Amino acid sequence: NFDDAIFKELKCSRFGAIIRNGKGEVMVALSARRPPVEDSEEAETLACRCVMEFAVDAGFSELVIEGDNAVVMASLSHPGNNMSRLGHIVQDIQWLSTGLRWVYFSHVHRDANSVAHLLARHAKNVTEDIIWMKDTPHPVVEALYFDSMHLSE
């Protein structure tokens with residue numbers, strides 16, 4: 001899961017991401033700083049590309065990429081030429097996915113993306129990117145607990 005937060009007063013954006021295994025256990029989590037963007041569509045598309053680059057570099061080969069921006073997730077789900085203003089970034093993401101065994105892009109409701117959203121909000125006050133490896137990120141302990149309750153239903 002990934003999400004982005006735009007902080008107009010700081011003239012910047014931040015993104016958060018969490019990679020979990022099939023049991024819902026945290027494999028990797030990120031809170032990262034990003035430069036200013038025009039709108040949430042650009043922010044979310046750039047955040048997805050960063051997550052894809054990180055996942056590929058970390059050696060993940062099977063991914064379900066979940067984001068809460070319906071427009072962005074729809075554009076990622078449709079291969080082929082994307083002639084939108086962000087089409088070149090969408091094509092980068094799709095190119096990165098060709099190195100994976102499989103990848104599935106899915107739109108999720110904001111409520112299902114709360115952990116990534118909290119990680120993005122947490123990045124507002126960090127001076128450098130934070131990566132948690134196989135560790136529960138302290139800013140999202142409660143949200144992870146609630147997510148685990150839904151996974152066990």
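This is a predicted model: local features need pLDDT of at least 70, side-chain atom pairs count only at pLDDT 80 or more; totals for chains, interfaces and linings use all residues.
Local features need pLDDT of at least 70, side-chain atom pairs count only at pLDDT 80 or more, and totals for chains, interfaces and linings use all residues. Numbering starts from 1 along each chain as its sequence is written, and side-chain values use heavy atoms, without hydrogens and water.

**Helix packing**

Two packed helices are described by the angle between their axes and the distance between the axes. Axes here are lines fitted to C-alpha atoms, for helices over the stretch in contact, and angles run from 0 to 180 degrees between N-to-C directions. Helices (H or I, at least four residues) and strands (E, at least two) are DSSP runs, numbered from the N terminus.

Helix α1 (residues 40-57) packs against helix α2 (residues 70-77) at about 45°, with the axes 9 Å apart. The pair is therefore oblique. Angles under 35 degrees count as roughly parallel, over 145 as roughly antiparallel, 65 to 115 as roughly perpendicular, and the rest as oblique. The crossing of α1 and α2 is right-handed, meaning that the near helix is turned clockwise from the far one by less than a right angle; anticlockwise is left-handed. In α1, E41, E44, T45 and C48 meet V71, V72 and L76 of α2; contact means heavy atoms within 4.5 Å. By class, this contact has four nonpolar, one polar and two charged residues. Ala, Val, Leu, Ile, Met, Phe, Trp, Tyr, Cys and Pro count as nonpolar, Asp, Glu, Lys and Arg as charged, and the others, Gly among them, as polar.

The axes of α1 and helix α3 (residues 87-97) come within 9 Å and cross at roughly 20°. These two are therefore roughly parallel. Their crossing is left-handed. Eight nonpolar, two polar and three charged residues make up the contact of α1 with α3.

**Loop residues**

Most residues other than glycine have a negative phi. K11 has a positive phi of about 55°. K134 also has a positive phi, near 50°.

Buried means under 20% relative accessible area, exposed over 50%, and partly exposed in between (1.4 Å probe, protein chains only).

| Residue | Relative accessibility | Class |
|---|---|---|
| K11 | 66% | exposed |
| K134 | 66% | exposed |
| N113 | 1% | buried |

K11 sits between β1 (2-7) and β2 (12-20). K134 sits between β6 (130-133) and α5 (141-151). N113 is in the loop between β5 (102-107) and α4 (114-122). The side chains of N113 and N1 make a polar contact of 2.9 Å.

Key: A polar contact is a pair of N or O atoms within 3.5 Å; within protein, one must be able to donate a hydrogen and the other to accept it, and residues adjacent in sequence count only if both atoms are side-chain atoms.
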